[in-house]
Amino acid sequence: MRVEQIAVFLENKSGRLAEITSILAENGINIRALSVADTADFGILRLIVDKVDLAKEVLRAGGFTVGKTNVVAVEVPDRSGGLAGVLKVAHEVGLNVEYMYAFVNKSGADAVLIFRFDEMDKAIAVLQERGFALLTGQQICGL
Amino acid sequence: MMWVEEIETLPRSGLESIQLKRLQILVHRVYEKVAPYRAKMDAVGVKPEDIRSLADLRHLPYTSKDDLRDNYPFGLFATPMNDVIRVHASSGTTGKPTVVGYTRADINLWSSVMARCLAMAGVTKDDMVHNAYGYGLFTGGLGAHYGIEALGAAVVPVSGGNSKRQVTIMRDFGSTVLLSTPSYALNLADAMADAGISTEELKLRVGVHGAEPWSENMREEVERKLGFKAVDIYGLSEIIGPGVAMECLHAQDGLHILEDHFLPEIIDPETLEPLPHGMTGELVFTTLTKEAFPLIRFRTKDISRLIFEPCACGRTLVRMEKIKGRTDDMLIIRGVNVFPSQVEHVLMGIDGVEPHYQIEVTRDGSLDVMSVLVEVSENIFSDEIKALERLSRKIQAEIKDMLGVTCKVKLVEPRSIRRSVGKAQRVIDHRKI
């Protein structure tokens with residue numbers, strides 16, 4: 001129940017994000033979710049896309065440093081306490097969140113939380129055991 | 001004023017006869033005592049007896065920083081180690097530093113040449129000298145210190161750092177002379193401005209600055225901001241440290257080489273042929289009187305020109321022009337010698353780092369700032385900020401360990417450092433020197 005995410009190294013200079021998104025557009029790749037983490041000197045763009053391998057290949061060909069990592073996507077009802085429920089469990093079992101981001105799916109009823117935990121296998125096992133709905137990459141792109 | 005007047009105003013013929021006599025003794029001694037020198041002389045078929053005139057110097061092989069590295073640490077010493085009473089070190093071109101040694105006579109010699117240099121700057125026993133050169137393995141601090149004491153002036157051995165405190169000390173102690181790198185002098189000027197201390201509250205009369213190249217523009221800035229006359233001092237640890245050549249306060253026009261001890265030549269760095277008087281080229285020195293670590297025809301890689309016309313101050317010693325640049329890629333960052341190869345050495349030692357890097361040097365106010373640009377390859381990339389920050393701190397710490405200089409590490413995108421067809425452009429120096 002892992003979702004493949006691609007990460008791209010970004011120098012803090014103008015036009016880089018635009019360049020990435022146009023490369024993806026030219027290749028018919030759809031972005032489902034993204035986040036940018038930044039420091040004073042550089043940033044990391046994290047993307048969930050419908051064609052992971054193609055995206056990695058074309059960005060790499062475009063001169064970017066690209067990495068592929070696994071994250072967990074948890075679907076929760078889009079209402080107060082949705083995120084808190086997941087984090088409470090994570091805290092109870094001693095999981096650390098390295099980073100996370102979220103989006104609301106088209107229907108508006110559910111939110112999708114993307115997590116990178118320090119211990120991914122443990123996280124998946126615990127969340128499934130507690131009855132959380134974990135999504136696959138395909139499911140995310142089908143939303 | 002003149003520390004050793006009878007030497008410094010000798011007619012050239014008198015000086016040259018002293019030089020020749022000393023050179024002959026030196027070559028005999030080095031041939032006998034230092035195996036690597038003997039091997040190099042044998043390889044070109046020169047014997048000590050072949051040195052009959054100063055012009056015969058050209059038959060002797062050169063010594064370079066590579067020879068020093070190959071014989072690290074003490075292989076070129078000409079005296080038994082128990083005659084050595086001090087060692088200093090400076091950065092070599094790769095991992096190993098250049099180590100130099102001094103006997104008691106060498107320390108006395110160094111003190112006296114340094115004292116003569118200070119005398120050229122008008123320093124006397126009545127002065128209070130604020131010595132802000134770094135003390136330690138670097139020759140600057142201790143070399144100047146002994147010279148100040150030999151001259152009979154009072155030394156304030158403050159070393160580098162903590163500019164605010166330095167300014168207070170200069171004011172409270174009534175220091176009349178400042179010894180520092182030119183960039184640190186500007187740093188002190190900023191610290192004075194920050195502390196609201198004006199130059200009128202200080203008694204500084206003259207600044208003696210060296211250990212890094214500086215331009216006439218920078219001299220004007222130092223003189224304007226600190227309200228004194230600034231003179232240039234030249235030296236390098238291999239030859240002895242500070243005290244090889246010095247500008248006189250009288251003319252501020254070229255540096256008088258103490259050539260009764262350090263014999264200069266100017267050579268073409270490509271053909272390695274000595275150049276005629278007055279031509280610009282690479283400066284080469286032979287130490288005529290040093291005991292522990294004599295050097296024959298040491299290539300400094302510094303570019304200069306020799307001026308043989310007598311100086312307005314009355315000295316007949318040959319002058320060298322302010323250093324114009326280097327024949328290699330050595331950088332001087334806050335007085336510390338830095339070779340790009342050292343930075344490369346550090347980067348190559350870190351797993352996954354590729355040999356695409358560039359060094360950018362800027363001047364922030366009066367302080368040199370070195371940034372090392374490292375391309376982020378997939379081997380070192382992570383989707384987590386903290387992993388990349390850890391990497392950049394590691395690079396910074398290892399460069400600091402190796403060079404003693406704190407740099408900024410900038411992670412950049414792949415191929416963003418321009419590839420060149422031939423030799424990579426490793427250094428971009430934005431400082432105006």
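Q: What span does helix α8 of chain B reach from its first C-alpha to its last, and how does this compare with the span expected at 1.5 Å a residue?
A: In this predicted model, where local features need pLDDT of at least 70, side-chain atom pairs count only at pLDDT 80 or more, and totals for chains, interfaces and linings use all residues, α8(B) covers residues 182-195 and reaches 20 Å, close to the expected 20 Å. The expected value is 1.5 Å times one less than the number of residues, which is 14 for this helix. Residues are numbered from 1 along each chain as its sequence is written, while chains are lettered from A and ligands numbered from 1 in the order in which they are written.

Q: Why is this stretch called a helix?
A: Helices are DSSP runs of H or I with at least four residues, strands are runs of E with at least two, and both are numbered from the N terminus; α8(B) has 14 residues.

Q: What makes α8(B) mostly covered?
A: A residue is buried if 20 or more other C-beta atoms, placed from the backbone, lie within 10 Å of its own, exposed if 12 or fewer do, and partly exposed in between. By that criterion ten of the 14 residues of α8(B) are buried, among them Y184(B), L188(B) and M192(B). The buried residues pack against α7, β5, β6, α9 and β18 of chain B, and just after the helix G196(B) takes a positive phi of about 70°.

Q: How many residues of domain 1 of chain B are in contact with domain 2 of chain B?
A: With bounds from an automatic or database domain assignment, domain 1 is 5-327 and domain 2 is 333-429. Contact requires C-beta atoms, placed from the backbone, within 7 Å, and 14 residues of domain 1 of chain B meet 14 residues of domain 2 of chain B in this way. On the domain 1 side, α8(B) gives the most, with four residues.

Q: Why are α5(B) and α6(B) called roughly perpendicular to each other?
A: Their packing angle is about 75°, with axes 7 Å apart, where axes are lines fitted to C-alpha atoms, for helices over the stretch in contact, and angles run from 0 to 180 degrees between N-to-C directions. Angles under 35 degrees count as roughly parallel, over 145 as roughly antiparallel, 65 to 115 as roughly perpendicular and the rest as oblique, so α5(B) and α6(B) are roughly perpendicular. Residues making the contact include W110(B) and M114(B) of α5(B), and Y146(B) and I148(B) of α6(B).

Note on methods
Contact = placed C-beta atoms within 7 Å.
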